[in-house]
Amino acid sequence: PEASLMHNRDAGLVIVLKDSIGNNLIDSEDYDSNNFRVYWKKNSGLELYYNYFNDNPYGYDVGTSNGMIGCGIAINDDPTVLISETYIKWNETDMDTISTFIERTQYSTSAKKFWYNGDLVWDEETMPNTEKVIVVVK
């Protein structure tokens with residue numbers, strides 16, 4: 001039998017939300033994770049991420065990373081654009097943009113750079129061998 005090759009996908013990002021004095025905001029009164037929503041920019045509009053068959057059907061997962069509560073985000077890996085856009089709606093009044101440069105090969109999809117609301121926050125070239133975790137102050 002012919003060997004099948006796996007496709008490695010490494011395009012996720014973990015966001016840690018804190019207030020100005022360092023307190024965790026995830027699952028606080030204003031940032032209830034049950035209400036978070038992830039949107040992917042498709043063509044000219046936003047599409048709510050929902051995958052019934054996924055363990056995290058709404059495209060995010062709250063957990064602990066390096067002792068901090070973080071929110072893992074399913075990043076838009078649209079192969080038709082050079083830099084994809086993912087939006088996370090934290091609550092009714094707060095939505096942020098994650099832009100991602102993704103390198104694709106026959107066997108892998110790997111995020112190489114992340115911008116958060118337009119600011120470069122993670123770059124594999126300048127931050128090699130580091131986790132894709134960012135801290136956002138609200």
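Tutor: Start with a bridge: Arg-104 has Thr-109 in β9 as its partner. The model is predicted: local features need pLDDT of at least 70, side-chain atom pairs count only at pLDDT 80 or more, while totals for chains, interfaces and linings use all residues. Residues are numbered from 1 along each chain as its sequence is written, and side-chain values use heavy atoms, with hydrogens and water left out.

Student: What makes β8 and β9 a pair of strands?

Tutor: Two strands pair if DSSP finds at least two bridges between them. β8 and β9 have seven bridges, in the antiparallel sense. The cut-off is at least two, so the pair qualifies. Strands themselves are DSSP runs (E, at least two residues), numbered from the N terminus. β8 and β9 form a hairpin with three residues between them.

Student: How do you know that β9 and β10 pair?

Tutor: By the bridge count again: β9 and β10 share four, also antiparallel. Phe-114 stands opposite Trp-122 in β10. This hairpin has two residues between its strands.

Student: Why is Asn-117 called partly exposed?

Tutor: Buried means under 20% relative accessible area, exposed over 50%, partly exposed in between (1.4 Å probe, protein chains only). Asn-117 has 42%, so it falls in between. Asp-27, at 45%, also counts as partly exposed.

Student: What makes β9 mostly covered?

Tutor: Seven of its nine residues are buried.

Student: Why is Lys-138 with Asp-96 called a salt bridge?

Tutor: The definition asks for a side-chain nitrogen of Lys or Arg within 4 Å of a carboxyl oxygen of Asp or Glu. The closest N and O atoms of Asp-96 and Lys-138 are 2.5 Å apart, so the pair passes. Asp-96 lies in strand β8 and Lys-138 in the segment after β11, 42 residues apart. Asp-96 is buried at 4%, whereas Lys-138 is partly exposed at 31%.

Student: What makes Asp-94, Asp-96 and Lys-138 a network?

Tutor: Salt bridges link them. Lys-138 also meets Asp-94, at 3.1 Å from N to O. Asp-94 counts as buried, with 14% relative accessibility.

Student: How do you know that Asp-123 and Lys-113 form a salt bridge?

Tutor: Their closest N and O atoms are 3.9 Å apart. The limit is within 4 Å, so this pair counts. Asp-123 is buried at 7%; Lys-113 is partly exposed at 25%. The structure holds seven salt bridges.

Student: What makes a set of residues the largest nonpolar core?

Tutor: A nonpolar core is a set of buried Ala, Val, Leu, Ile, Met, Phe, Trp, Tyr and Cys residues joined through side-chain atoms within 4.5 Å. The largest one here has 26 residues. Those with the most contacts inside it include Ile-15, Cys-71 and Ile-73. Ile-15 is also the bridge partner of Cys-71 in β6.

Student: Why do β5 and β11 count as edges of their sheet?

Tutor: The order is β5-β6-β2-β11, an open sheet with mixed pairing. β5 and β11 each have a single partner strand, so one side of each is left without a neighbour in the sheet.
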